Amino acid sequence: MSNVLELRDLRVTYHTQGGGVPAVRGVDLTVGTGEVVGLAGESGCGKSTIAAAILRLLPAGTKTEGEILLNGEDVLKMSAAKLRAVRWAGASIIFQGAMHSLNPVRRVGEQIAEAIIVHGQANEREAKVRVGALLEQVGLPSRRIDDYPHELSGGQKQRVMIAMALACNPSLVIADEPTTALDVMVQAQVLKLLKELQRDLGLSMVFITHDLSVLVEVSDRLAIMYAGKIIEDGPAELVFHSATHPYTKALAAAFPEIGDMRFRGKPSGLGGDPPDPQNVPPGCPFHPRCAEVVEGVCDRIEPALWVSGANSHAACVHASGAPALEGMPR
Amino acid sequence: MGARRYFFKKTAYALLTLLFVLTFNFVMFRVLPSDPVAQLTRSQKLSRDDVAELRHNLGLDQPLPTQYVTYLKQTAALNLGRSILSGRDVWGEIKARLPATIALLSLGTLFATLLGIWVGIKGGWKRGSTFDTSSLFTSQVFWSMSEAWLGMVLIVVFGSILGWFPTGQWQTPGDATAIQRLADWANHLFLPVLTLTLGYFGEYAIIMRSSLIEVKNDDFVLTARAKGIPDREVRKRHAVPNAFLPTFTLIFLSFGFVLGGAILIEVVFSWPGIGQLEYDAINNLDYPLIQGIFLLSSAAVIFFNLVADVLYSYMDPRIRES
Amino acid sequence: MSKMPERLMSDPELSAPVTDGQALPVPDSARKIAWARRRRSMSGYWKTFRKSRQGMVGLVILGFFVLLALTAPYIVNLPEIYPATATGPILHPPSLQYPLGTDTFGRSVLGMVVFGSRISLLIGFTATVGAMLIGSSMGIAAGYYGGRIDTILSAITNWFLVLPWIVLAIVIATVNPFHLPQLGNLILVIAITSWAGTARLVRAQTLSVKERTYVERSRALGSGNWHLVTRHILPNVMPVIYANTVLMVAIAILSEAALSFLGLGPQNTVSWGVILEESYSAGSLTAGYWWWFLPPGIAIVLVALSVTLCGYALDEILNPRLRER
C-alpha cells in the first residue's frame, strides 16, 4: 500500500513575544491510500497544528522542521507556486464550518467554485455544474448554490465545507474537528455523511477531534497525542477498548459509549491541565497527572513508542515491549 | 420585505434625529436666552415699538408650544430668518455659498478616502512591514495636526515660498475662456483640497488597517489560503470586502468631523463657502446665521448617514437578504 | 485526587495560610484582595507597555509637556507674554534673546508657547474627564437598565455621534446657555461634543459584563443597583475605555485649537490655539512671520501625537483582537 501522507519527525515551534513555543515535538505518522487515521488529544496538544502544518498554513514566523511527504513530495521544500497548486488539490481541510470558515459576503456556490477554477480544473460554467453536484452529494439541494452563509444552519454550513473539501478531488482530506460546535443530532448526521463519503469515494483521511468515541467509529487507526507527541497508536478498536497508556484510558473514559458496561457507574474525568508547552515536565510529560505513575522512573525517563500489542505502540513504561528499566517494580 | 422594512426604519430614525436637532435649536435660541429679540437683532438700534413688532412677528408673544409649531412650519419652508450682518435671507446666504463648500468637501473626502483606504489595506495586510510602520506613523502625525495650522504651513510652503499655487479665494477675477476658468478654478482648489486630504486620510487609513488586521485573523481567510488562492486574490476577494464594511460605516460617521475641518480650511484659504460665512457670523454674533448653518449642516449629516445605511444594506448580504 | 493547577497554586491569595480560629473575612480584606489583583494587573500592563517603543516615546513627550505646563510660571518671564508689559522688539525673527522671535506686541513667542501649554493641557484634560464622565454614565445607564431607557439613551448618543461637532460647538459657545465663565463654557463645549464615542463603547461592554454569572449571582444575593454597578460593572468596564480616554485628550486639544482659531478661544490668556489665531489674524501668512505660527502648531502636533502613541500602545495591550494570531 502506497502512502498518501508521511510525517517524519515533524516539529513545529510557534514564535511569540515570550520566546518559542514548541507545539509539535517530533511526530511520525503515515496515512495509506483509502485509510482513515484518527488523531486525538486535549486542546493544545498540537493536533490542529499538524493539520495546518501539512498545508503550511501556520502563521509567519513559525518554525517547521522534519518532513511532510504528501504523495511522496516534501511540502516543506515546495516553491510558493507549487505549494498553491498542492493546496486543496493535493490535500484539503474540512474546517469547523459552523462558525466563521465561510466568507459571509460571498455566495457559498462561488466559494466552492473558486477552488475548482483556481486549480484550473474547470471553467466557470462547468464549475457551477460541478458545485451543484457536490452540494447534492453532501445532501443539500443544489439551489443552495446561491445562498449566503448566514442563510444556512450550522449543519448545512458544515455540509458546504465538506463539499468544498471534495471540490478538487484531493488525495487526502483532513477533517479538523468537523463536528465540534454542532448540536448532537446534527453531529451524528454529519458524521454519518462523512463515513458514507469516505466509503463511497475511498477517501484517505486524517480525522482530528478530542472525542475518542467519534474517532473509533470512523477511523482505521488511532494516534493519541499529548504535549506535542504521539503517545499511543494502533488499530482503532484496540486502542479504544484496550489502551495501554493511562492517558488514552482516561480520554476513552471521558467519552463513555452508551451501553458499554465498563463505564457503568464510573463517570470519570482527568484532573489537572495539559502542561505548558514551554515548560513540559521532565521524564514522561504525563506523569504529574498519571494514575499509574511509577515514582522514580516516570519523572526521570521519557518513554519512546514501545510495542504494546499487535500493530500498536505506546510511550509508557507499562507497555509490554518496554525495555527493562532501572527502578521498575517487577 | 426585509430590505424595505430596514429602509423605512432607517428613514424614520433619520426624521426623528432631525426633529431632535430642530428641538435643540429651538431650545437654544428661543427658550434659553433671556431676551431672544435682543439676541436676534443684536447691535441694531430699535425703538420700543419695533421690538414689540418684532416680538409679534417672531411669534414670541405666543405660548411656547404655539411658538414651537410655528417654528417647525417656518423651518420646513426654509424660512430661517434674516442675517443681522447683511440683512438678507439666511437660506439665500447659505445657498450662495453651497457650491464652494460642496466642491471642497466632496473632492477632499474623495481623495482622503481613496488614499486612506489604499494605505490601510497595504499596511494592514503586511503588518509590521516597513511600509506599515512608516505609513501608520505618518497617518498618526497628520491626524494629530490642527487643520488650520496644516493649511497655513501648506500656504507658506507652496504659495509663498514656491509660488506654485494661489493661496486664497477660488478664482482670479477677470475675463477668461471656459477652459481657462476651469484651470484657474482647479488651481485654486488644489491647496485646500490637499489640506483636507492630508488632514483626514490618516483617520481612514488607521480604521481600514485595524479592520483588515481583524479580518485577516478570521477563519474564512485561512480557508481561502488553504484553497490555494494566491495572496493577492485572498486579500482582494475575501479580506478586503469584509474589512471594508465597518470602514464604510465609519467614513460616513466621520462626515460631521470632516465638515468641521472644512470650515477651518475655508477660513485659512479665504474660501468663499459656508465656513467663511460661519466665521463671519461668529465674529459678528450673527445668531440667525449661526443657527441656520447649524440646522442645515446637521440636516446634511443626517441625510448622508441615511444614504450610508441604505448603501450598506446593499453591500452586506446579511442585511440585504434577510 | 486531582492536583490543583499550577497557576492557582502560585496565587498568593489562595495559598495564603489560613490560621485557625480566624473570623469570617471582614469586608476590608475583600477590598484588599481586589486592590492586590488590580495592582498586579496594572504592573502587568506596565510591563507590556514598556516594551512598546512608540508608547514609551509618546509617554516621554507627554511627560515633558506636562512638566512644562506645571513649571511654566517659574520658567517664563511673565511680563514678556502680556501685551501691556512686553518690552521686546516688534515682530522680530528668532534671536538669542527671543529664541522664537516676537509678535506684534513684542511678546516672546517662546514664552507664550510655554505658558500656553497650561491652558491647552488644562482644557485637554478637563474636557476629557468631563466627556468620560458623561460618556460612561450614559453608557452604563443604557447598558445596565436596557429596554426603553436604552433605546432613548442610545438614540441621544447616536445623535451626538453624527452631528457636525464644530457647528454644534459654535452654537453652544456663542449662546453659552448656562452662563458659565468663558473658559468653563469652552471646556463644557468640548466635553459635550466628544462623549458619544465613549458612551457607545461603555454600553457594549456593560451589556456583556451584565450577562456574566457573578453579576447574576450577586443580584440573586440581593445586591442593589448601586452595589452592582460600582463593584461589578464599573471595574470591568473601565479597562475598555482607558485607551479611548487617552485618545480623547488629543481630540480635546485639537478641538481647543479649532475653536480658538475661529475666535471662540479663552480670552485674556494664552493657549496654543489662541496664538495660532492671533498670528493668522495679524497676517503672518502673507508677511511671512513663520516663527509666530509654526511653534504653537508643532506643540499641538507633538502633544496630540504623543497621546495617540500612548493610546495605541494601550489599545494593543487591552484589545487582544488586534494581536497577531
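1. Two strands pair if DSSP finds at least two bridges between them. The model under discussion is predicted, and its chain A holds an open sheet of eight strands with mixed pairing. The strands follow the order β6-β7-β8-β3-β9-β10-β12-β11.

2. The edges of this sheet deserve a separate remark. They are formed by β6 (91-94) and β11 (306-309) of chain A; each has a single partner strand, so one side of each is left without a neighbour in the sheet. On average, and with direction ignored, neighbouring strands are turned by 25° against each other.

3. Within the sheet, β10 (residues 229-235) and β12 (residues 312-314) of chain A are joined by two bridges in the antiparallel sense. In this region Asp233(A) has His313(A) of β12(A) opposite it. Helix α9 (residues 246-254) of chain A packs on the sheet, where it touches β3 (36-40), β9 (221-226) and β10 of chain A. The direction of α9(A) makes about 105° with that of β9(A).

4. The largest nonpolar core comprises 261 residues. Among those with the most contacts inside it are Ile54(A), Ala163(A) and Val206(A) from chain A, Ile293(B) from chain B, and Ile170(C) and Ile300(C) from chain C. Helix α11 (residues 225-264) of chain C supplies the largest share of this core, 19 residues.

5. Ile54(A) may be examined individually. Apart from neighbours within four places in sequence, its contacts are Ile68(A), Leu70(A), Val75(A), Ala91(A) and Ile174(A).

6. Chain C has 14 helices and zero strands. Of its 325 residues, 43% are buried. Among contacts in chain C with a separation of 6 or more, 69% are between residues 24 or more positions apart.

7. Helix α8 (residues 182-192) of chain C illustrates the burial in this chain. Asn185(C), Leu186(C), Ile187(C), Leu188(C), Val189(C), Ile190(C) and Ala191(C) are buried there. The cover over the buried residues of α8(C) includes α5 (109-145), α7 (165-175) and α11 of chain C.

8. Where chains B and C meet, 46 residues of chain B are in contact with 39 residues of chain C. Elements giving two or more residues to the chain B side include α1 (2-31), α8 (178-216) and α13 (287-315) of chain B. The largest share of that side, nine residues, comes from α13(B).

Key: Residues are numbered from 1 along each chain as its sequence is written. Chains are lettered from A and ligands numbered from 1 in the order in which they are written. This is a predicted model: local features need pLDDT of at least 70, side-chain atom pairs count only at pLDDT 80 or more; totals for chains, interfaces and linings use all residues. A nonpolar core is a set of buried Ala, Val, Leu, Ile, Met, Phe, Trp, Tyr and Cys residues joined through C-beta atoms within 7 Å. A residue is buried if 20 or more other C-beta atoms lie within 10 Å of its own, exposed if 12 or fewer, and partly exposed in between; C-beta atoms are placed from the backbone. Helices (H or I, at least four residues) and strands (E, at least two) are DSSP runs, numbered from the N terminus. Two residues are in contact if their C-beta atoms, placed from the backbone, lie within 7 Å. Axes are lines fitted to C-alpha atoms, for helices over the stretch in contact, and angles run from 0 to 180 degrees between N-to-C directions.
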